Amino acid sequence: MTVYTIGLILPLLFYILVFAIEQFTKKSCAKIDESFSRILFIYYTFFTIFRGTSVGTDLHNYVRRYYLMSQYDFSSITVWHERWNFEYGFLFINKVLGYVNNSPQIFILVSGLFILATTHWAIKKYSLSPCLSYYFYVVFIFWATSLNLVRLFIAMSICLMSISCIKEKKLKRYIILVLAAALIHRSSIIFLILYPFCKVKINLRRIMLFFSGCVFVYILGKNLIGIAIRGFSSLYYEKYSARIGTGSGNGMLLLLIFVFAVCYLNEIYGSKEGIKSSSNKMFEEKLSYNDIWLHMVLLAIAFNVVALKLEIAARMMWFFKLGLLFLIPNTFRFYNARRKGDIFLFLGFIMVCLILPVIYYHSSMVTDNFGIVPFVFFGNTLIAY
């Protein structure tokens, strides 16, 4: 078995096992689920922080520049910013770490541990099925991409920490966290739109208006995107104008629309018996975030439409795709094998989970756009796919 294949199979296997135990014992297995999630956290963290510098197309650039920065003082940060277009916050962190040790493994260890620890914290805080959240973290290529786009995923991790501010209506703290993320990767600034967007109540009429707008953007996308970029920055227009009209992501767009439709309909028409039968306030607290996840998936759909015309928009889509890690597990948490309708829904859900690797994960890994195959340990080589 290989590193990535095991990482894909384990969380789904744990999820099915927890479900089976719950049905036979008729008791909640939240603690077992949490224990399994810790095992998964250790597994992904181990292979993340001990990977070689060749695992990730961009990683060798990060570690080479990390070593170079360690040779100079802080006054050179401006030069590096202009030369590499790295944000000041990311450069500052690199420089501080460089004082500790200029080994590339320090950069890999600290960045990887921060990304995985923050993700684990968010899954524990927001997900009703941690193992299932980890499954989608792998099957939707979050883990694989985090091994490559390190700067982007550090920023995404900081944005994850801001989610509770929306529910608690702490706007200032929310802005501070998003701006902190933007100091790592400037595309994070787009996450600011989530706060006001969550104020808009989702209903059928607004959903129809939203998708009508998406169709309009798709049809006139090339011209609209060109006007928007030119109005925002002439520098960015010069940089990206040649790429306008070229993009990808049709498969992901269909998947996002399908997930939103199923989860939204479940919110409106789904059985509440499982929720009512649970006296656990933690369950109710986590479910209360579902509205935010639905808004995030809608924004992911919108940016996916833009990405069909301008591929760079896919980077911004990553921030809102995070909602999938919590929306899907929370939606399907209350299936009960003792209710005939639910057992069929559960089996259908498992079939979808088994099909996803075939139609999405496998094709992405084979093309290896992230440069993570084969997996290589730091100082050793291991074929892992």
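Colleague: Hello! Let me start with Tyr62: why is this residue called buried?

Modeller: Buried means a relative accessible area under 20%, exposed means over 50%, and partly exposed is in between (1.4 Å probe, protein chains only). Tyr62 has a relative accessible area of 7%, so it counts as buried. One thing to keep in mind is that this is a predicted model, where local features need pLDDT of at least 70, side-chain atom pairs count only at pLDDT 80 or more, and totals for chains, interfaces and linings use all residues. Residues are numbered from 1 along each chain as its sequence is written, and side-chain values use heavy atoms, with hydrogens and water left out.

Colleague: Thanks. Where is Tyr62 found, and which residues is it in contact with, leaving aside neighbours within four places in sequence?

Modeller: Tyr62 is found in helix 3 (residues 59-69). Helices here are DSSP runs of H or I with at least four residues, strands are runs of E with at least two, and both are numbered from the N terminus. Contact means heavy atoms within 4.5 Å. With neighbours within four places set aside, Tyr62 is in contact with Phe86, Phe90, Phe107, Asn148, Val150 and Arg151. Pro104, 42 residues apart from Tyr62 in sequence, is 8.6 Å apart from it in space, C-alpha to C-alpha.

Colleague: You mention Arg151. How do you know that Arg151 forms a salt bridge with Glu87?

Modeller: The rule asks for a side-chain nitrogen of Lys or Arg within 4 Å of a carboxyl oxygen of Asp or Glu. The closest N and O atoms of Arg151 and Glu87 are 2.4 Å apart, which meets the rule. Arg151 sits in helix 9 (residues 150-160) and Glu87 in the loop between helix 4 (77-84) and helix 5 (88-100), 64 residues apart. Arg151 and Glu87 are both buried.

Colleague: What makes the pair of Arg186 and Glu87 a salt bridge?

Modeller: Their N to O distance is 3.4 Å, and the limit is 4 Å, so the pair qualifies. Arg186 lies in the loop between helix 11 and helix 12 (194-197), so its bridge to Glu87 ties together parts that are 99 residues apart in sequence. Glu87, at 5% relative accessibility, is buried, while Arg186, at 29%, is partly exposed.

Colleague: How many salt bridges does the rule give, and which residues are linked in a network?

Modeller: The count comes to six salt bridges, and Glu34, Arg38 and Lys124 are linked in a network of them. Glu285 and Lys167 also form a salt bridge, with the closest N and O atoms 3.5 Å apart. Glu285 is in helix 18 (residues 281-287) and Lys167 in helix 10 (residues 163-167), 118 residues apart. Glu285 has a relative accessible area of 37%, so it counts as partly exposed; Lys167, at 35%, is partly exposed too.

Colleague: What makes the phi of Ile141 worth a remark?

Modeller: Ile141 has a positive phi of about 70° although it is not a glycine. Most residues other than glycine have a negative phi. Ile141 is in the loop between helix 7 and helix 8 (142-146), and its relative accessible area of 2% makes it buried. Asn85 likewise has a positive phi, of about 65°, and is partly exposed at 34%.

Colleague: Finally, how confident is the predictor in the chain?

Modeller: pLDDT is the predictor's confidence in each residue, from 0 to 100. The mean pLDDT of the chain is 85, and 85% of its residues reach 70 or more. Where pLDDT is low, the predicted coordinates should not be read in detail.
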